[in-house]
Amino acid sequence: MPLSDIVAVSGLLLTLTTFMFNLAWPKLHEALELDEKQPGPLARKRSRKTVMNALFGRALPLTAAFMALFYVNFPAAVRIMGSSTLDLWDFDVDRTLYVLVVLALLVFALFNLGLVLKLIGKWRRLR
């Protein structure tokens, strides 16, 4: 499979997972914005349930998807970076785009991991 096809598939998967993230963002944001100092045990229980639903239904699956895509594409990106030379005027666009897509996957995976950790912290504070 030529590298341009791999770049196209990786870019499509990045676009799909980013679209899924955009759909999940309102619920993630809602869970992160919950007030931690709620007066009654029933309200706290309801908030914990909202946080856990956001964590298990949205944040963890997205984190796993971004990490899996990064893991699958990372070895090829390392080979490309190891075999390429830095040239500002004569570079291979396909290889450069592939490495940038892999870096974008890493950024999204780390961002989603941060969201998972924030949601876990929110859940612990609501106990």
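Because the model is predicted, local features need pLDDT of at least 70 and side-chain atom pairs count only at pLDDT 80 or more, while totals for chains, interfaces and linings use all residues. Residues are numbered from 1 along each chain as its sequence is written, and side-chain values use heavy atoms, with hydrogens and water left out.

Begin by selecting helix H1, residues 3–32; helices here are DSSP runs (H or I, at least four residues; strands are E, at least two), numbered from the N terminus. Then select Val-9, Leu-13, Leu-16, Phe-19, Met-20 and Leu-23, which form a nonpolar surface patch with about 540 Å² of accessible area together. A patch takes residues with over 30% relative accessible area and no salt bridge, joining nonpolar side chains within 5 Å and like charges within 9 Å, and the areas come from the Shrake-Rupley method with a 1.4 Å probe. Leu-23, at 56% relative accessibility, counts as exposed (exposed is over 50%, buried under 20%, and partly exposed in between, with a 1.4 Å probe and protein chains only).

Stay in H1 and select Lys-27 and Glu-30, which lie three residues apart, about one turn of the helix. They form a salt bridge (a side-chain nitrogen of Lys or Arg within 4 Å of a carboxyl oxygen of Asp or Glu), with the closest N and O atoms 4.0 Å apart. Lys-27 is partly exposed at 41%, and Glu-30 is partly exposed at 40%.

Next, select Glu-36 and Lys-122, whose closest N and O atoms are 3.3 Å apart in a salt bridge. Glu-36 lies in the loop between H1 and H2 and Lys-122 in helix H3, so this pair ties together parts that are 86 residues apart in sequence. Both Glu-36 and Lys-122 are buried. Shared partners join Glu-36, Lys-122 and Arg-125 into one network.

Finish at the largest pocket, with a volume of about 330 Å³. Of its 14 lining residues, the closest to the centre are Ser-84, Thr-85, Leu-86, Phe-91 and Thr-96. Helices H2 (41–83) and H3 (93–125) each give two or more residues to this lining. A pocket is an open set of points on a 1 Å grid over the protein atoms alone, where a 1.4 Å probe fits, with protein on both sides within 12 Å along at least five of seven lines; lining residues have an atom within 4 Å of a point.

Technical notes
Points joined across faces, edges and corners; volume = space filled by probe spheres on them.
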